[in-house]
Amino acid sequence: MRRADRLIDLVGRLRGQKLVTADFLAERLEVSVRTVYRDIATLQAQGFPIEGQAGVGYLLRGPVDLPPLTFDHDQLEALALGLAYVTQVGDPTLAAAAAAARAKIDSAWTGQPSPGVSGRRIRAHQRPDRRAPGFAAALRGALRARRLVAFDYLDAEARPTQRAVRPLALTAFSEGWMLIAWCTLRNDFRVFRLDRMQDPKVMIESFADEPGRDLGAYLAAAWQTASSL
């Protein structure tokens with residue numbers, strides 16, 4: 001049994017019990033009493049209201065809501081690959097957040113610090129020129145706040161234009177990053193390559209989704225186009 005599974009099982013066995021001894025828990029969990037002591041200390045350090053002491057027994061005081069971190073091996077490897085990819089392709093802030101999230105998952109499931117580079121069996125790599133530019137963090141903020149974004153843009157023929165858009169989504173793919181948006185200049189959906197954007201500025205003006213101008217409408221139109229090919 002993985003340690004995280006055992007910790008969840010341990011909390012479950014403390015629920016509804018008046019007093020539970022370490023010997024009882026060790027027998028039910030099929031581990032040593034010393035392991036039970038360590039697991040109890042870990043749960044207490046994480047804020048679980050467990051009272052008691054070695055040689056006497058333990059009691060769970062108050063209700064406890066367990067986090068839904070019951071992933072199997074394939075799910076954990078999917079998370080590992082996703083976080084590894086984000087550290088490679090994300091803007092500096094997003095990459096740092098992915099690394100921190102990976103460390104939290106490592107700690108929760110193994111009780112140990114994150115392994116070094118050589119200890120990672122699921123990996124991702126991206127060319128440096130395909131990574132998100134630093135201003136992608138501002139675009140993510142605009143997406144959350146639903147704010148317009150203005151920027152200079154170079155088209156495929158390197159012709160400059162000025163755009164003001166409603167940002168709808170950011171897409172990462174093997175060749176780089178793209179912004180899906182409703183363009184106020186063209187009065188239509190447009191997809192912009194971040195490596196062609198210059199000096200983007202998040203504007204004060206906000207917007208709300210409108211039928212026909214939101215991400216759902218864009219995806220529906222894209223699906224219809226793809227289906228007709």
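R159 and E157 form a salt bridge, with their closest N and O atoms 3.1 Å apart. A salt bridge here is a side-chain nitrogen of Lys or Arg within 4 Å of a carboxyl oxygen of Asp or Glu. The model is predicted: local features need pLDDT of at least 70, side-chain atom pairs count only at pLDDT 80 or more, and totals for chains, interfaces and linings use all residues. Residues are numbered from 1 along each chain as its sequence is written, and side-chain values use heavy atoms, with hydrogens and water left out.

**Salt bridges**

- The whole structure contains twelve salt bridges.
- In the R159 pair, R159 is partly exposed at 48% relative accessibility, while E157 is exposed at 52%. Buried means under 20% relative accessible area, exposed means over 50%, and partly exposed lies in between (1.4 Å probe, protein chains only).
- R127 and D129 also meet through their side chains, at 2.9 Å from N to O. R127 is partly exposed at 46%, and D129 is partly exposed at 47%.
- This pair belongs to a salt-bridge network that links R127, D129, R130 and E175.
- D188 bridges to R190, with 3.7 Å between the closest N and O atoms. D188 has 34% relative accessibility and counts as partly exposed. R190 is partly exposed too, with 32%.

**Aromatic pairs**

- Five aromatic pairs occur in the structure. Rings of Phe, Tyr and Trp (its six-membered ring) pair if their centres lie within 6.5 Å; planes under 30 degrees apart count as stacked, over 60 as edge-to-face and the rest as tilted.
- Y153 and F192 are one of these pairs: their ring centres are 5.0 Å apart and their planes stand at 85 degrees, so the pair is edge-to-face.
- That pair links distant parts of the chain, with Y153 in strand β3 (residues 147-154) and F192 in strand β6 (residues 188-193), 39 residues apart. Helices (H or I, at least four residues) and strands (E, at least two) are DSSP runs, numbered from the N terminus.
- Y153 is buried, at 7% relative accessible area. F192 is buried as well, at 2%.
- W182 and F189 make an edge-to-face pair because their planes are at 90 degrees, with ring centres 5.0 Å apart. W182 and F189 are both buried.

**A169 in strand β4**

- Strand β4 (residues 160-173) holds A169. A169 is buried, with a relative accessibility of 13%.
- Beyond residues up to four places away in sequence, A169 touches L143, M178, L179, I180 and L215. Contact means heavy atoms within 4.5 Å.
- A169 and L139 are 30 residues apart in sequence, and their C-alpha atoms are 9.3 Å apart in space.

**Helix α6**

- Helix α6 (residues 136-145) includes R140. R140 is buried, with a relative accessible area of 16%.
- Setting aside neighbours within four places in sequence, R140 contacts D91, T93, L94 and L170.
- The buried residues in α6 are A136, L139, R140, A142 and L143. Seen down the helix axis, the buried residues of α6 fall within an arc of 160 degrees, so they line one face of the helix. The arc is that of the directions from the helix axis to the C-beta atoms.
- An α-helix has 3.6 residues a turn, so residues three or four places apart point the same way.
- R146 follows α6 and has a positive phi, near 60 degrees.

**Packing of α2 and α3**

- Helix α2 (residues 22-29) packs with helix α3 (residues 33-45) at an angle of about 105 degrees, with the axes 8 Å apart. Axes are lines fitted to C-alpha atoms, for helices over the stretch in contact, and angles run from 0 to 180 degrees between N-to-C directions.
- That makes α2 roughly perpendicular to α3. Angles under 35 degrees count as roughly parallel, over 145 as roughly antiparallel, 65 to 115 as roughly perpendicular and the rest as oblique.
- On the α2 side, A22, D23, L25 and A26 meet V33, V36 and Y37 of α3.
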